[in-house]
Amino acid sequence: MADASKLPPLPPSPYGRFFRDGHPWIWTTRAVTAVLLLMVVGIVGIVVFNGLRTFWPRRLVRYEMKDGSVVVGEEIRREVRRVGLDSREQEEVFVRVGNREKYGGNDFRWIVAADVKSTSVPEDLLSFERMEHGPAYGRVRQVLEADVVDGRRVQKVVAEGKGALAALERGIVEAAERRASRLELQEGEIDTVSRAVDDVNDRRRWLARTVEPDDPAFAVRKAELDREEATLQERQQGLLQKVGAVLKEDRRHLVLLEDGAGDPWPRPVAISQVLRIDAVNELSFVGRVGLCVARFWRFLSQPPREANMDGGIWPAIYGTILMTLIMTIFVVPFGVLAALYLREYAKQGWAISAVRVAVNNLAGVPSIVFGVFGLGFFCYLVGGWVDRTFFEQRLPTPTFGGGGILWASLTLALLTVPVVIVSTEEALAAVPRSLREAAIACGASKWQTIRRVVLPYASPGILTGTILAMARGAGEVAPLMLTGVIKLAEDLPLDGEAPFLHPERKFMHLGFHIYDTGFQSPNVDASTPLVYSTTLVLLGLVLLLNLGAITLRNRLRKKFRTGVFG
Amino acid sequence: MTALPDSLPSAPEVSPPRPPGGAATVLEVDHFNLWYGPTHALKDVSMTIGERQVTALIGPSGCGKSTLLRSLNRLNDLIDNLRTGGDVRLRGDSVYRRGVDVISLRKRMSMVFQKQNPFPKSIYENVVFGLRVDGEKRKAVLDEAVERSLRGSALWDEVKDRIHKSALELSGGQQQRLCIARAIATRPEVLLMDEPCSALDPIATSRIEDLIVDLKREFTVVIVTHNMQQAARVADVTAFMYLGRLVEVGETTQIFERPRFSETEAYITGRYG
């Protein structure tokens with residue numbers, strides 16, 4: 001062996017250490033990761049910022065214009081726009097002026113910054129949240145009571161000036177109580193009775209279809225149905241009268257508002273139309289944060305109003321969660337059983353490889369194709385069969401034969417099943433051979449080995465697949481549009497009314513809600529902020545579902561993996 | 001001493017040969033052959049295993065001793081492309097007969113593996129695994145089996161206060177003794193051990209060796225080992241395997257002191273291995 005000291009020194013790398021150690025590539029990987037991180041932070045940041053800003057109470061600004069007119073509203077943004085034939089640049093302010101019906105249906109306005117003589121923030125300006133027509137900005141002039149005397153409508157001023165605001169607030173509380181009692185009636189007894197009426201009508205149609213009119217039984221049964229319907233209608237009349245009384249009382253209590261410039265509205269409006277008054281210009285920072293949180297909470301907890309331009313998104317949140325859960329209930333057993341067969345029982349060969357390729361390719365099929373399939377197979381074929389078999393009385397009105405939360409969930413389960421199959425197969429393959437052998441050597445059959453050793457050990461991996469499937473399913477929109485999502489659902493698919501879960505009902509979904517408010521709204525300026533807010537909620541919801549599943553998975557992982565080599 | 005002839009009918013003329021030491025026969029390996037695909041891994045092996053004896057299988061790596069052990073309880077069935085010839089008989093019942101109930105067969109021959117492989121379950125559930133897959137649900141029976149088996153594997157005193165804790169919290173040597181407890185919980189006739197100490201430190205090894213000598217009172221033990229001192233210490237009978245053939249089998253003292261074949265001597269004196 002040669003003496004080490006006599007060996008010639010290694011030649012230096014021609015590029016130096018910089019290239020030899022791969023620094024350019026290391027920096028490329030860093031840069032790519034940084035770009036990725038920036039994009040994620042950017043998109044989440046934009047959604048969070050804009051989503052929360054929707055609820056942030058902006059100050060009501062009073063702009064006095066040079067021509068003497070006055071504009072009052074929330075300043076949304078300032079922009080330099082090109083206007084006129086010579087497309088000269090000019091700074092303009094985008095103001096939400098509210099009072100939609102007073103200003104001809106448009107509550108947003110561009111004003112030219114140069115035309116503004118002065119701006120101020122009057123402390124006493126109020127923001128009114130209303131049932132219809134979006135917000136109103138201004139002051140309270142009079143609280144009135146309307147009565148009919150000698151066939152003529154007479155309005156009497158109850159409070160005016162300083163007392164008007166307090167009287168209006170009292171009126172709002174009373175109106176809220178009346179609304180609650182009315183909704184209880186409408187959603188409780190009236191709903192039950194009208195369903196009973198529907199049922200009588202179904203039976204009437206059924207009778208006409210199944211019994212000949214000259215059959216003596218026909219007359220008897222028809223008389224029975226007539227009696228039943230008469231009773232129901234009497235009950236319905238009584239209930240409707242109660243509701244009518246409430247509505248009449250609502251119409252008695254009126255308020256006359258004035259706009260920001262001090263002009264009164266042409267007519268007083270019903271107090272029941274006003275939901276809340278906020279003195280936004282008086283609020284401190286803490287007060288603003290409180291109002292922001294309160295508005296966000298109402299956004300989460302209330303149903304939408306005004307064609308999804310206003311109000312909350314509670315039914316959409318509910319529908320999204322329920323649909324995702326139903327989908328998970330179907331997709332996990334289905335995917336796990338399929339993967340078990342493919343990995344554990346099937347003889348590996350070209351046929352199984354072909355099945356695997358097919359399953360993986362399913363993941364690449366455009367989701368709208370699944371929607372078309374779901375509509376054709378689940379809604380029309382399976383649903384049609386269910387209707388003909390179990391709900392024949394109601395035909396031709398479809399029960400299961402149209403879109404519904406069950407069919408939508410099944411369609412999404414089909415869409416996400418490849419994810420579960422692939423990750424379950426990987427998890428099964430990762431179970432150590434020594435554990436299988438141990439079980440088999442103890443006299444366990446193959447099935448006992450799988451059930452008692454392999455599946456528990458693979459469960460964290462299976463849950464990973466479930467998480468991926470849930471995240472994918474909760475964010476999917478296109479297939480739902482064909483299989484059961486609607487813009488506005490009257491009833492929730494899971495409620496207090498027997499049989500509690502109504503798998504045939506159509507439902508609302510956050511993803512579709514984003515599309516609907518963003519692109520189907522008659523008032524883009526009013527609904528755009530809600531797109532961000534809804535997106536924020538959807539992101540939060542997916543995150544929550546994932547966190548839940550990840551916690552569960554980590555707990556299982558800890559249980560099955562600690563100290564194996566200890 | 002003679003060299004091994006090139007072509008061997010290495011099986012003794014008398015078939016089945018009597019187990020050395022005059023014990024009753026539990027297992028007979030009768031002209032057993034095994035192929036992994038084209039590889040002929042076991043070549044015409046014949047031997048008998050005596051009751052309540054410790055039989056050690058020794059030989060260099062790849063000689064087929066583990067394969068032979070796994071052929072006894074048909075654990076090799078899990079491997080694709082496997083063919084066998086000849087037979088193994090457990091108390092006269094053919095193991096490789098067509099239609100034999102492999103599962104009940106394996107219950108009569110428990111196994112302990114090279115690498116300790118407790119299930120990721122509690123100590124208790126590990127021990128009763130074999131009983132549970134048998135459908136045993138009575139708590140008294142299970143409790144009795146746990147204490148008996150853990151005492152049998154000399155683990156009871158160390159774990160009796162935490163038998164419902166995870167088995168994965170035990171040390172390596174404890175885990176291996178737990179695997180032994182799991183193997184003896186179902187009261188098998190034969191205990192098959194595939195290099196049970198190869199992953200353990202010397203202290204844990206010596207405890208297991210003591211345990212094997214104790215277990216002999218109740219079970220027939222077949223142990224594969226790399227470690228000749230271990231074979232010398234624990235085994236009554238030693239079988240030397242080389243290149244898929246059983247070269248010679250005899251009482252341990254005879255194999256180590258007066259080997260009949262030069263290959264055996266070369267191996268036990270450490271000239272290869």
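A crossover is right-handed if, with the strands pointing away from the viewer, the path from the first strand over the helix to the second runs clockwise. In the predicted model described here, strand E7 (residues 190-194) of chain B, helix H8 (residues 202-215) of chain B and strand E8(B) form a β-α-β unit of this right-handed kind.

Strand E8 of chain B spans residues 220-224, and five of its five residues are buried, so the strand is largely enclosed by the rest of the structure. Burial extends to both faces of E8(B): B:Thr220, B:Val222 and B:Val224 point one way, B:Val221 and B:Ile223 point the other way, and all are buried. E8(B) pairs in the parallel sense with E7(B) over five bridges, and B:Met193 is the residue that stands opposite B:Ile223. A further parallel pairing, over four bridges, connects E8(B) with strand E3 (residues 54-58) of chain B. In that pairing, B:Ala56 has B:Ile223 as its bridge partner.

In chain A, strand E1 (residues 60-65) is mostly covered, five of its six residues being buried. E1(A) runs antiparallel to strand E2 (residues 70-83) of chain A, to which five bridges join it. Within this pairing, A:Tyr63 is found opposite A:Val71 of E2(A). The hairpin formed by E1(A) and E2(A) has four residues between the strands, and A:Gly68 adopts a positive phi near 95° there. E1(A) is also joined by four bridges to strand E5 (residues 116-120) of chain A, again in the antiparallel sense. The bridge partner of A:Met65 in E5(A) is A:Val116.

A:Asn281 belongs to the loop between strand E11 (274-278) and helix H5 (285-301) of chain A. With a relative accessible area of 4%, A:Asn281 is buried. A polar atom of the A:Asn281 side chain lies 2.8 Å from the backbone nitrogen of A:Leu60. Beyond residues up to four places away in sequence, A:Asn281 touches A:Arg59, A:Leu60, A:Val121, A:Pro122, A:Glu123, A:Leu125 and A:Arg288.

The interface between the chains was examined next. The size of an interface is often given as the accessible area lost when the parts come together. Chain B and chain A bury about 2100 Å² between them, with 62% of this area on carbon and sulfur atoms. Of the area that chain B buries against chain A, 25% is supplied by B:Pro120, B:Val133 and B:Leu168, more than by any other three residues. The contact comprises 28 residues of chain B and 24 residues of chain A. One salt bridge is found across the interface of chain B and chain A; in it, the side chains of B:Arg70 and A:Glu437 meet at 2.9 Å, N to O. Four residue pairs are in polar contact across this interface. On the side of chain B that touches chain A, two or more residues each come from helix H2 (102-108), strand E6 (109-112), helix H4 (129-133) and helix H7 (172-184) of chain B. H4(B) gives the most to this side, with four residues.

Over all chains, the whole structure holds 58 salt bridges. Within chain A, A:Glu64 and A:Arg62 meet through their side chains in a salt bridge of 3.8 Å, N to O. A:Glu64 is partly exposed, its relative accessible area being 28%. A:Arg96 forms a salt bridge with A:Asp107, in which the closest N and O atoms are 3.6 Å apart. The two residues are eleven apart, A:Arg96 in strand E3 (residues 88-96) of chain A and A:Asp107 in the loop between E3 and strand E4 (108-112) of chain A. Both A:Arg96 and A:Asp107 are buried.

In chain B, a salt bridge links B:Asp30 with B:Arg89, the closest N and O atoms lying 2.9 Å apart. Because B:Asp30 lies in strand E1 (residues 25-36) of chain B and B:Arg89 in strand E4 (residues 82-90) of chain B, the pair ties together parts that are 59 residues apart in sequence. B:Asp30 counts as buried, at 18% relative accessibility, given that the term applies under 20% relative accessible area. Salt bridges with shared partners also join B:Glu51, B:Arg91, B:Asp93, B:Arg108 and B:Glu189 into one network.

Terms used
Residues are numbered from 1 along each chain as its sequence is written. Chains are lettered from A and ligands numbered from 1 in the order in which they are written. This is a predicted model: local features need pLDDT of at least 70, side-chain atom pairs count only at pLDDT 80 or more; totals for chains, interfaces and linings use all residues. Side-chain values use heavy atoms; hydrogens and water are left out. Buried means under 20% relative accessible area, exposed over 50%, partly exposed in between (1.4 Å probe, protein chains only). Two strands pair if DSSP finds at least two bridges between them. Contact means heavy atoms within 4.5 Å. Buried area is the accessible area (1.4 Å probe) that two parts lose on being put together, summed over both. A salt bridge is a side-chain nitrogen of Lys or Arg within 4 Å of a carboxyl oxygen of Asp or Glu. A polar contact is a pair of N or O atoms within 3.5 Å; within protein, one must be able to donate a hydrogen and the other to accept it, and residues adjacent in sequence count only if both atoms are side-chain atoms.
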